[in-house]
Amino acid sequence: MKKQMKIGSQDNINKIVLLNVIKEYAPISRTEIARITGLSGASVTKFVNDLIKMGLVKENGWESSKGGRRPVLLKLVPESRFAIGVDLGAANLRVVVVNLEAKIITKITKKTRGDEGKEKVFKRMIAAIYEAIDTSKVDKSKIKGIGIGISGIIDHKRGICLFCPNIRGWENVPVKKLLEEEFKIKVSVDDSARTMALAEHWCGLAQRIENFIFVNIGIGVGSGIFTNGAIYRGSRGTAGELGHTTIDENGPRCMCGNHGCLETLVSGPAITRRAREALEEGVVSLISKMVDGDLTKITPEIIAEAARKGDKLAFNIMEKTGEYLGIGIANAINLFNPELVIIGGCVSRISDLFLDTLRRAVKIRALHTASTSVDIKISELGDTTAALGAAILILKDVFDPTASVRK
Ligand SMILES: [Zn+2]
């Protein structure tokens, strides 16, 4: 069956095109908008007036004079629309309230405590959303929706979390339906690696970049793939499971049932497991001293610290992490030919110890044309990336001429 596109009238499309130009180039004059869009001055004036009436755009000062009348400049009204973003992570539950310019105005962090089971986690999430709304003090009627990023297998269209490895019993949860019943506003659910990619596309390193891959390395490994400026989901919505591509056929067993998935080799738990196993086999290392002999206390940060102090085992673990990651990323580069690969997630904070090795591995393994035209960078957005991107799931409808809800 052919999919029917929800497109508004031509006027509506032009209006949204203008809104995007103002978002991108503000402060900008009507003359400049006409030049960029190719629309007539009269049309620009009409559509700008509509956008001002809708409260989305305002006049904001004058352009510096080049002689003659100084043109009035336009910009978005940041406080005209708001969105809520939730990152339901393995360790932390983060909720942000953002304005139309995707600026975070309120941020709340709780522990997820996934071992307490799905009901408690769900209640905690709802309470955190209410707390964020109250703290932000924004007019509730201006909140356009709630975006949720969950690390797991997500049916984005129906808003169902099919599986979440970090929360006990969290299977086939109709997150969208339940939250829409609770809050009576639009809810959109996606995999958190994709919401992180979306945040990079709007506010981070991937602005104006159409083809890029965001790789999230934390407790698990996921990726968000952008092709031609849009998120690539695949036929059933599971595209981007870079963490479950096989790197070593004889490698450790993965929670997905396979052996040697990338996740079993480079995730936070995988890095600590490699250190623990080596120490149990009697390898001498600074790491044992740093955790007072308690191997359960090993973290990727401790291994990184030992590597910086010249510890051989720690150094080798970091090198190997870079190599494995390089293999995984080289495969992704060969498949998608991105312009940029961004590495984020908590393991990226120690990436200075493996980034050179990773880049070398990519250069050796990816096809020459693809590997020489790709940048590999570390995310700079910080720990609210996934929540910010989740809010953008909602915000992006305001700027999308094919979206049905705009008011
Ligand atoms: Zn796997």
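What distance separates the centres of domain 1 and domain 2, taken over C-alpha atoms? In this predicted model, the two centres lie 33 Å apart.

**Figure 1. The whole protein and its domains.** The protein is divided into domain 1 (10-76), domain 2 (81-200 + 385-399) and domain 3 (209-380). Its secondary structure consists of 14 helices and 16 strands. Along the principal axes, the C-alpha atoms fill a box of roughly 80 × 50 × 45 Å. A compact globule of 407 residues would have a radius of gyration near 22 Å, and the value of 23 Å for the protein agrees with this. Among contacts between residues at least 6 apart in sequence, 63% join residues at least 24 apart.

**Figure 2. The largest nonpolar core.** Of the 407 residues of the protein, 41% count as buried. The largest nonpolar core contains 111 residues, and Val86, Ile303, Val341 and Ala391 touch the most other members. Helix α11 (residues 312-336) gives the most to this core, contributing 11 residues.

**Figure 3. The surroundings of Ile303.** Ile303 is one of the residues that touch the most other members of the largest nonpolar core. When residues up to four places away in sequence are not counted, Ile303 touches Ile271, Thr272, Ala275, Ile287, Ile298, Ala314 and Ile317. Among these, Ile271, Thr272 and Ala275 are buried residues of helix α8.

Figure 4. Which residues of α8 are buried? They are Gly268, Ala270, Ile271, Thr272, Arg274 and Ala275. After α8 comes Gly282, which has a positive phi, near 100 degrees.

Figure 5. Strands of a sheet pair through backbone hydrogen bonds, in either a parallel or an antiparallel arrangement. Here three strands form an open sheet in the order β1-β3-β2, with antiparallel pairing. The edge strands are β1 (28-29) and β2 (57-62), each of which pairs on one side only.

**Figure 6. The pairing of β1 with β3.** Strand β1 pairs with strand β3 (residues 72-76) in the antiparallel sense, over two bridges. Which residue in β3 is the bridge partner of Ser29? The partner is Leu73.

Definitions and conventions. Residues numbered from 1 in each chain as written. Predicted model: local features only at pLDDT ≥ 70, side-chain atom pairs only at ≥ 80, totals over all residues. Helix = DSSP H or I, 4+ residues; strand = E, 2+ residues; numbered from the N terminus. Rg over C-alpha atoms; globule rule 2.2 N^0.38 Å. Buried ≥ 20, exposed ≤ 12 C-beta atoms within 10 Å, placed from the backbone. Contact = placed C-beta atoms within 7 Å. Core = buried A, V, L, I, M, F, W, Y, C linked by C-beta atoms within 7 Å. Domains from an automatic or database assignment. Pairing = 2+ DSSP bridges.
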